[in-house]
Amino acid sequence: MNFSNLFGIPSAPRRHRGQFSRRNRERFSLPHLSSSLRANRKSFLSPTLNSKEYIIALAGNPNTGKSTLFNALTGLRQHTGNWPGKTVVQYRGSCNLKGKKVTLVDLPGIYSLLTNTIEGEIARDFICFARPDAIVIVVDSTCLERNLNLVLQILEITPKVILCANLMDEAKKKNLHIKISELEKKLGIPVIPTAARSGKGLNKLKSAMDDLICGRITTQPYRLHYSAEIEKAISEMEIELAPIVTNGLSPRWVALQLLTGDSTFINGIEKYLAGKQIDGGDSE
Ligand SMILES: Nc1nc2c(ncn2[C@@H]2O[C@H](COP(=O)(O)OP(=O)(O)OP(=O)(O)O)[C@@H](O)[C@H]2O)c(=O)[nH]1
Ligand SMILES: [Mg+2]
């Protein structure tokens, strides 16, 4: 499979400056993403042994070191800097994990899946609809609590998640001690402490990525439970949604999105599902 045109993502190194152009807006819009994804989905889901090319996304809040990590793992030079919102489109690069070819996707930073910026929607749509083999959520260890909001949202979508607790050097300077194994137990996913700028912890992170995509580790993601009233509504909706939502999306998650009422997101879900029907329905 040729990954060079996968999702139409431009290769790094490339610096993005200035406004998000209309052309990019179209290239990275959900319909484009979905049709590229549909075109490639068969190859994602039915890899022949040894020929599988994996996709791992780097997601997280702005300014947590995603692009720094991407550069360290791919050897490319994606734009980094000490202010939020530098990455405004998704970039891809190759990385070798114990002989396996992996495409890393560096996403724009987002605080929440409920986002109303174009770059936010790019990240959100990739996380929700591109179905990568794994997502590495990069968090700022100096302000974990703020970052965990997005982590919990992503854990509602997929179990194939690793938490990369980055900026550990900064956390140490602030005398913050993060109980990694306790965090792992609570979240039910691997947590790898790193300092991406100096390359610390990256070998462990690569091992965890390899273990996850090969199925050597399985996760048990923490699931949020809502109030009785909301849980009741979710259960009722899940029953109605189950026959419609069959394309890798969880009916519970779709029900939650319908309850939040975010129209751009709901449109995205509709388009994703409509695409599946047009294709005649792919199955895993
Ligand atoms: N001290 C320290 N600085 C880091 C580390 N990782 C990244 N940085 C710095 O943090 C800043 C932000 O890094 P980026 O890689 O651009 O962050 P990002 O998550 O890609 O940011 P957005 O694209 O805006 O979402 C840069 O100045 C990096 O050099 C780390 O582990 N320790
Ligand atoms: Mg970035």
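**A conversation about the model**

Modeller: Let us start with Leu256, which counts as buried because its relative accessibility is 8%, under the 20% cut-off. Please keep in mind that this is a predicted model.

Biologist: Which helix is Leu256 found in?

Modeller: Leu256 belongs to helix H10, which covers residues 251-260.

Biologist: And which residues does Leu256 touch, leaving out those up to four places away in sequence?

Modeller: With those left out, Leu256 touches Glu156, Tyr226 and Ile234.

Biologist: Let us turn to the ligand. Which residues come nearest to ligand 1?

Modeller: There are 23 residues around ligand 1, and Lys66, Thr68, Gly85, Lys86 and Thr87 come nearest.

Biologist: How much of ligand 1 does the protein bury?

Modeller: The protein buries 95% of the 650 Å² that ligand 1 exposes when taken alone.

Biologist: Which element gives the most to that shell?

Modeller: Helix H3 does, with three residues. Helix H3 (66-74) and helix H6 (168-173) each supply at least two. By type, the shell residues divide into six nonpolar, twelve polar and five charged.

Biologist: You mentioned Thr87. Where does Thr87 lie?

Modeller: Thr87 is in the loop between H3 and strand E2 (91-97). Thr87 is buried, as its relative accessible area is 9%. Its side chain makes a polar contact of 3.0 Å with the side chain of Ser67. Beyond its neighbours within four places in sequence, Thr87 also contacts other residues, including His79, Asp106 and Gly109.

Biologist: A last topic: what span should helix H5 have?

Modeller: H5 has twelve residues, 144-155, so at 1.5 Å a residue it should span 16 Å; its end C-alpha atoms are 16 Å apart, which agrees.

Biologist: Which residues of H5 are buried, and what do they pack against?

Modeller: Among the buried ones are Leu144, Leu148, Val151 and Leu155. The buried residues of H5 pack against strands E1 (54-60), E4 (134-140) and E5 (161-166), and against helices H4 (118-129) and H7 (180-187).

Definitions and conventions
Residues numbered from 1 in each chain as written. Chains lettered and ligands numbered in written order. Predicted model: local features only at pLDDT ≥ 70, side-chain atom pairs only at ≥ 80, totals over all residues. Heavy atoms only, no water. Helix = DSSP H or I, 4+ residues; strand = E, 2+ residues; numbered from the N terminus. Expected span 1.5 Å × (residues − 1). Buried < 20%, exposed > 50% of the residue type's maximum accessible area, 1.4 Å probe, protein only. Contact = heavy atoms within 4.5 Å. Near = heavy atom within 4 Å. Areas by Shrake-Rupley, 256 points an atom, 1.4 Å probe, with all protein chains shown as cover. Nonpolar A, V, L, I, M, F, W, Y, C, P; charged D, E, K, R; others polar. Polar contact = N/O pair within 3.5 Å; in protein donor to acceptor, adjacent residues only side chain to side chain.
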